[in-house]
Amino acid sequence: PPDLVLTQLLSDILSSSHGTIIDFGGGLGGTYLNHRHLFSDHHTYVVIEQDIFASQGVSIAMKYSLPIVYLNSLDSVESNPLLVILSSVLQYIEDFSGLLQMVLLLKPKYIIIDRTSLSRDGSQSWWVQDETRYYGSKICYPISLIPETDLLTSLPGYLVRRTWHNDFDPVIPHHRGYLFQQME
């Protein structure tokens with residue numbers, strides 16, 4: 001089932017505003033598919049993904065007439081989107097602060113950072129994530145704990161409006177979600 005906090009946040013944002021929603025690292029559009037009832041014709045949903053995901057996404061969107069745009073780079077996105085979603089993605093990117101700087105250049109009204117592994121002691125460390133139950137077979141990949149203070153100072157001009165913990169995430173390492181809103 002969809003995350004209740006994310007559902008409420010999207011409902012609040014989308015019901016009162018129109019514009020582009022950018023889902024960076026959004027896979028094949030799962031956030032849109034799980035919450036499609038919240039979107040209207042006044043919203044444009046854009047997924048930024050790796051080439052293979054973007055290519056598959058385009059095929060799936062065409063086959064099922066989904067109003068999702070798939071791109072492989074933030075460079076092609078127009079400025080001033082309504083919302084940028086970064087869900088379970090920052091901890092897999094070597095230069096998370098560089099990505100956040102690119103997001104800041106877009107000047108979105110809202111930024112949702114969800115399902116992000118954090119370090120509370122100020123250190124950035126890399127771990128190996130062993131995933132044995134989610135994909136049907138064991139896979140391992142690198143994951144970085146992002147210093148929470150670094151994350152919070154990486155978005156000047158934005159205020160934290162809400163924080164939460166997603167029950168889907170592990171307790172160790174610490175995970176948290178944030179809703180940032182552009183200061184007026």
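What percentage of the 184 residues of the chain count as buried? Of these residues, 47% are buried, where buried means under 20% relative accessible area, with a 1.4 Å probe and protein chains only. The structure is a predicted model, in which local features need pLDDT of at least 70 and side-chain atom pairs count only at pLDDT 80 or more, while totals for chains, interfaces and linings use all residues. Residues are numbered from 1 along each chain as its sequence is written, and side-chain values use heavy atoms, with hydrogens and water left out.

Five helices and nine strands make up the secondary structure of the chain; helices (H or I, at least four residues) and strands (E, at least two) are DSSP runs numbered from the N terminus. Their order along the sequence is α-β-α-β-α-β-β-α-β-β-β-α-β-β.

The radius of gyration, taken over C-alpha atoms, is 16 Å, which agrees with the value near 16 Å for a compact globule of 184 residues; the globule rule is 2.2 Å times the number of residues to the power 0.38. Along the principal axes, the C-alpha atoms fill a box of roughly 45 × 45 × 30 Å. Among contacts (heavy atoms within 4.5 Å) between residues at least 6 apart in sequence, 70% join residues at least 24 apart.

Helix α1 spans residues 4–16 and has 13 residues. From its first C-alpha to its last, α1 reaches 19 Å, close to the 18 Å expected at 1.5 Å a residue, the expected span being 1.5 Å times one less than the number of residues. Buried residues in α1 are V5, L6, T7, L9, L10, I13 and L14.

Key: Buried < 20%, exposed > 50% of the residue type's maximum accessible area, 1.4 Å probe, protein only.
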